[in-house]
Amino acid sequence: MNKLFSKKVCVLLLLCLVGVTAFAQKGYKKAYTLFDANGKEIGYDELVAALAQPDVVFIGEIHNCCITHWLEYELARSLYAIHKDKLMMGAEMLEADNQLILDEYMNRQISYDRFEAEARLWDNYSTDYAPFVFFAKENRIPFIATNVPRRYANVVKDRGLQYLDSLSDEAKRYLPPLPVSFTYKEEEQGAFALMHMMGKSKGNAEYLAQAQAIKDATMGWFIARNMKSKFLHFNGNYHSDFQGGIIPYLLQYRPGTTIKTVCSVRQESIGQLDEENKGRADFYICVPEDMTSTY
């Protein structure tokens with residue numbers, strides 16, 4: 001009887017554990033959901049397999065989203081495992097005239113302290129971007145500072161793209177070939193007017209759009225002139241949403257380049273992709289609206 005009783009107790013305990021585990025699985029809160037372009041939920045491995053195919057992958061981010069930054073790091077590791085020395089990386093967060101400083105840091109010729117002091121890093125660099133830059137450094141993955149020096153974006157904001165012609169030949173080393181093609185889109189006027197109203201930017205709306213264009217063109221140019229096989233690029237959503245931003249310039253400078261884009265979105269519910277977000281990218285990282293931000 002004791003053995004039979006013990007067996008019954010074990011079975012009951014096992015059933016309880018299974019029930020508790022099932023309940024826990026049904027009740028957990030997800031930190032993110034991945035979707036494809038059609039809004040179908042996909043797994044991480046499925047995303048990696050798709051991103052391993054094109055020449056260039058753009059990871060669009062919300063700059064203060066900790067989940068996106070963690071996934072950027074994980075995707076860098078996963079794509080490196082596939083591509084090895086064929087992979088290159090680059091980021092909006094580093095400016096073209098700091099390539100020498102970046103190279104010296106990546107090659108261990110200068111300390112991190114000097115790199116941090118001299119490279120005009122974003123305020124959230126140490127928490128949000130240092131992990132994947134350090135990963136590139138440790139694995140000797142070439143890393144390209146793709147963005148325009150901010151002083152030139154600022155002068156375009158104030159004086160327009162035409163002012164770039166007056167810069168020195170030395171300055172033009174950090175720019176795409178001039179003149180930069182640009183067509184002012186009426187729908188952009190509302191977005192930049194809103195930025196003006198919020199106090200984030202001031203000035204002529206068309207010049208503000210041109211300042212964004214010189215960033216996009218510069219990033220496209222430095223990806224095109226440096227890439228050899230596979231390129232992973234990190235940037236704000238705005239620079240790659242709807243196949244716009246950097247992408248038309250990259251295709252101008254390097255026709256035939258194959259591209260996939262990822263967009264980061266925040267939603268009240270991450271069970272399905274909201275209709276308003278569809279069409280922005282090939283894949284989505286969907287994060288709850290109340291997720292902790294890094295700043």
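A: In strand S1 (residues 33-36), Thr 33 and Phe 35 point one way, Leu 34 and Asp 36 point the other way, and all are buried. Buried here denotes under 20% relative accessible area, against over 50% for exposed and partly exposed in between, with a 1.4 Å probe and protein chains only. Strands are DSSP runs of E with at least two residues, helices are runs of H or I with at least four residues, and both are numbered from the N terminus. The model is predicted, so local features require pLDDT of at least 70 and side-chain atom pairs count only at pLDDT 80 or more, while totals for chains, interfaces and linings use all residues. Residues are numbered from 1 along each chain as its sequence is written, and side-chain values use heavy atoms, with hydrogens and water left out.

S1 pairs with strand S8 (residues 283-288) in the antiparallel sense over four bridges; two strands count as paired if DSSP finds at least two bridges between them. Cys 286 in S8 is the bridge partner of Thr 33. S1 is also joined by two bridges to strand S2 (residues 41-42), and these two run antiparallel. Here Glu 41 of S2 is the bridge partner of Phe 35. S1 and S2 form a hairpin with four residues between them, and Gly 39 in the turn has a positive phi of about 85°.

Helix H2 (residues 44-51) has Leu 47, Val 48 and Leu 51 as its buried residues. Seen down the axis of H2, these fall within an arc of 100°, so they line one face of the helix; the arc is that of the directions from the helix axis to the C-beta atoms. The cover of these buried residues includes S1, S2 and S8, as well as strand S3 (56-61), helix H3 (66-83) and strand S7 (259-267). Contact means heavy atoms within 4.5 Å.

S5 pairs with strand S4 (residues 87-95) in the parallel sense over four bridges, and Phe 143 in S5 is the bridge partner of Met 89.
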